[in-house]
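Please look over the sequence and the model before reading on.

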Amino acid sequence: MDWRKEWFEFDDTTYLNVAEQAPIPRVAIRAVQTAIEWKKFPHTIPSSAYFDLPNRVRSSLAKLIGGKPEEIALTTGASSGIAAVANGLDWKAEDEVIIAKGEFPAQFATWKPMEALGRLRVKLISPRERFITADDFIGAISPRTRLVSASLVRFDDGSLLDAERVAHACHEVGALLLLDASQCAGAIPIDVAKLGADFIAAAGYKWLLGPYGTGFFWAPSAQIEKMRVGPFYWMALDGAENFHSLSLLVQEAKPARGARRWDAPETASYFNLAALDASLEFLLKVGTDTIAAHNRQLIEEMFERLPRDRCVLASPADASRRGPYGCFAARTAEKTAELYGKLRKNNVIVSLREGHLRISPHLFNTERDLDKLIATVTE
């Protein structure tokens, strides 16, 4: 099937940068245009937009990861979900949170300030080999470990964590596992029951094909009920859908059951959620297995065609240990930066991350795009 027609044409640009920002498909653009018309004429905004729209998004996200709609909170990105865990658990000063060297900054921006306040300890681990693995986390777990906070797929090298093994090791000592799935949710099959994680957070503007400022946080119902309830968005009040009697809600200010208590304020942002709703419906129709297989084929072909006298792989060569994209580098950091500039000059759009070139395709990419990439690298 020709998936390119589901997106607008890039003209003379070869876009291989979904891991930074995904282009939203045509169907999502149309949904945004409808939402803009709502705001242009507010009397046309359907009452269902306030609750039915967010709930449709919850339902689609739940299907995508094998969870339940009531276990999904709608956030502005992965940081919101990580913060929900930080604020929702009761901590002791000796509790350890394990994170890995080189992780995405959201991990450090959450846990290091908590450590500075004396609420917990951060244990920073390094990979024993080239890429971080489950064994690295498992080897660091101790009786004091309260939480392992890690990326399911790393942003800097695309390595895929064997989360099932880490979760099992965590649970053996009574610890929890928090996964940032920003770089794979929507691009590879995810089953929360199989993963065994206690929390998942993800941004929505990458592989979920949503607008910037969208995301989700998942926690199983049993875990939600154990967590502290802090200040929450008023539309997460039990009975908030009854707009005609809102004053009755303030007497108890009781949050609705489930993960809605962590919804971002103004959850039903029409411009954002209407687009995300359409994109998720599109993803469910296509299937993450289709996207994963498509990307795997392109990345494996790219690795085979790279000139090995000038380039080195910066992601696991084994596809089973890799997320939906791949990275490579030139022989030196300076030459990698030069190559990045050369690619940009030739309208081949990739990311430069931690000294690596990150190539992240999607269904709109074809072998023709690889031809342009390889030709630019080798010329």
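Trp3, Trp7, Phe10, Tyr15, Phe282 and Phe364 form one aromatic cluster. Rings of Phe, Tyr and Trp (for Trp, its six-membered ring) count as a pair if their centres lie within 6.5 Å; planes under 30 degrees apart are called stacked, over 60 edge-to-face, and the rest tilted. The model is a predicted one, in which local features need pLDDT of at least 70 and side-chain atom pairs count only at pLDDT 80 or more, while totals for chains, interfaces and linings use all residues. Residues are numbered from 1 along each chain as its sequence is written, and side-chain values use heavy atoms, with hydrogens and water left out.

**Aromatic pairs**

The structure holds 13 aromatic pairs. One of them joins Tyr50 and Tyr270, and it is edge-to-face, with 6.2 Å between the centres and 80 degrees between the planes. This pair links distant parts of the chain: Tyr50 lies in the loop between α1 (26–40) and α2 (52–65), Tyr270 lies in helix α9 (residues 270–286), and the two are 220 residues apart. Helices (H or I, at least four residues) and strands (E, at least two) are DSSP runs, numbered from the N terminus. Tyr50 is partly exposed, with a relative accessible area of 28%, whereas Tyr270 is buried, at 14%. Here buried means under 20% relative accessible area, exposed means over 50%, and partly exposed is in between (1.4 Å probe, protein chains only).

Phe104 and Phe155 also form a pair; their ring centres are 5.2 Å apart and their planes stand at 85 degrees, so the pair is edge-to-face. Phe104 is partly exposed, with a relative accessible area of 37%, and Phe155 is buried, at 9%.

**Charges over rings**

A charge sits over a ring if NZ of Lys or CZ of Arg is within 6 Å of the ring centre and within 35 degrees of the ring normal. The table lists two such cases.

| Charged residue | Ring | Distance to ring centre |
|---|---|---|
| Arg146 | Trp91 | 5.3 Å |
| Arg261 | Trp262 | 5.7 Å |

**Helix α9**

Of the 17 residues of α9, 13 are buried, so the helix is largely enclosed by the rest of the structure. Ser279 is in this helix and is buried, with a relative accessible area of 0%. Leaving aside neighbours within four places in sequence, Ser279 is in contact (heavy atoms within 4.5 Å) with Ile24, Pro25, Ala28, Leu208 and Leu209. Just after α9, Gly287 takes a positive phi of about 95 degrees.

**Nonpolar cores**

A nonpolar core is a set of buried Ala, Val, Leu, Ile, Met, Phe, Trp, Tyr and Cys residues joined through side-chain atoms within 4.5 Å. The largest one has 65 residues, and Phe137 and Phe216 have the most contacts inside it. Not counting residues up to four places away in sequence, Phe137 touches several residues, among them Ile98, Ile125, Val148 and Leu161. A second, separate core of 26 residues includes Leu120, Phe217, Ile224 and Met227.

**Cysteines**

The structure holds 0 disulfides, a disulfide being a pair of cysteine sulfur atoms within 2.5 Å. The sulfur of Cys327 is 13 Å from the closest cysteine sulfur, that of Cys311, which is too far for a bond. Cys311 counts as buried at 2% relative accessibility, and Cys327 counts as buried at 0%.

**Positive phi angles**

Most residues other than glycine have a negative phi. Asp11 has a positive phi near 55 degrees; it is found in the segment before β1 (14–15) and is exposed, with a relative accessible area of 72%. Glu354 has a positive phi near 50 degrees; it is found in the loop between β12 (351–353) and β13 (356–359) and is exposed, at 56%.
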